[in-house]
Amino acid sequence: MASPSIISSHSRSSASVVCAGSSLLSNQKRRGSAPLCLRFKIRAETMATEKLGIKVERDPPESKLSELGVRQWPKWGCPPSKFPWTYSAKETCYLLKGKVRVYPEGSAEEYVEIKAGDFVVFPKGMSCTWDVSETVDKHYNFK
């Protein structure tokens, strides 16, 4: 069995084209020696994860942020610091800059790290400690 050889691969936005040499279909009859090209689309999706009750979606698409009106939400920021916090309502936020380790109460030394580009949901009633290592600037919304 002949092994396929990739001759070229190129992308344009979310569409890709991969072409293989004539050895790919050596067991099938083909006319000429033109390469076989396959066109396919790749859907880039972000995946939200949940750890210790905190949901984090890394680098959500701008379309999601626009749909939710995130850029119109109020902004909050703070310099590097460490402080306790309790959420009296569910908070959804989008970090524009910064890095934080959030230590939920009762989770010993476990933490969730959030950083610029993260879309985060904190549940109502959560008590935690914020350990801000890089100045934070975020949009937020309480519900």
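Predicted model: local features only at pLDDT ≥ 70, side-chain atom pairs only at ≥ 80, totals over all residues.
Asp59 sits in the loop that runs between β5 and α1 (62–68), and its phi is near 45°, a positive value in a residue other than glycine. Most residues other than glycine have a negative phi.

Leu52 also has a positive phi, near 55°, without being a glycine. Leu52 belongs to the loop between β4 (48–51) and β5 (54–58), and because its relative accessibility is 29%, Leu52 counts as partly exposed.

## Salt bridges

The structure holds 7 salt bridges, among them one in which the side chains of Glu62 and Arg71 meet at 2.9 Å, N to O. Both partners of this pair are partly exposed, Glu62 with a relative accessible area of 39% and Arg71 with one of 37%.

Another of the salt bridges joins Asp137 to Lys75, with the closest N and O atoms 3.3 Å apart. Asp137 lies in strand β11 (residues 127–142) and Lys75 in strand β6 (residues 75–78), so this pair ties together parts that are 62 residues apart in sequence. Lys138 forms a salt bridge with Glu91, and here the closest N and O atoms are 2.5 Å apart. This pair, too, links distant parts of the chain, since Lys138 is in strand β11 and Glu91 in strand β8, 47 residues apart. Lys138, at 4% relative accessibility, counts as buried, and Glu91, at 2%, likewise counts as buried, because the class takes in residues under 20%.

Thr92 lies in strand β8, which spans residues 91–104, and at 11% relative accessibility Thr92 counts as buried. Leaving aside residues up to four places away in sequence, Thr92 touches Trp73, Phe119, Val120, Val121, His139, Tyr140 and Asn141.

Strand β8 pairs with β9 in the antiparallel sense, over 4 bridges, and within this pairing Lys99 stands opposite Lys115 in β9. In a regular strand the side chains alternate between the two faces of the sheet.

Methods: Residues numbered from 1 in each chain as written. Heavy atoms only, no water. Helix = DSSP H or I, 4+ residues; strand = E, 2+ residues; numbered from the N terminus. Buried < 20%, exposed > 50% of the residue type's maximum accessible area, 1.4 Å probe, protein only. Contact = heavy atoms within 4.5 Å. Pairing = 2+ DSSP bridges. Salt bridge = Lys/Arg side-chain N within 4 Å of Asp/Glu carboxyl O.
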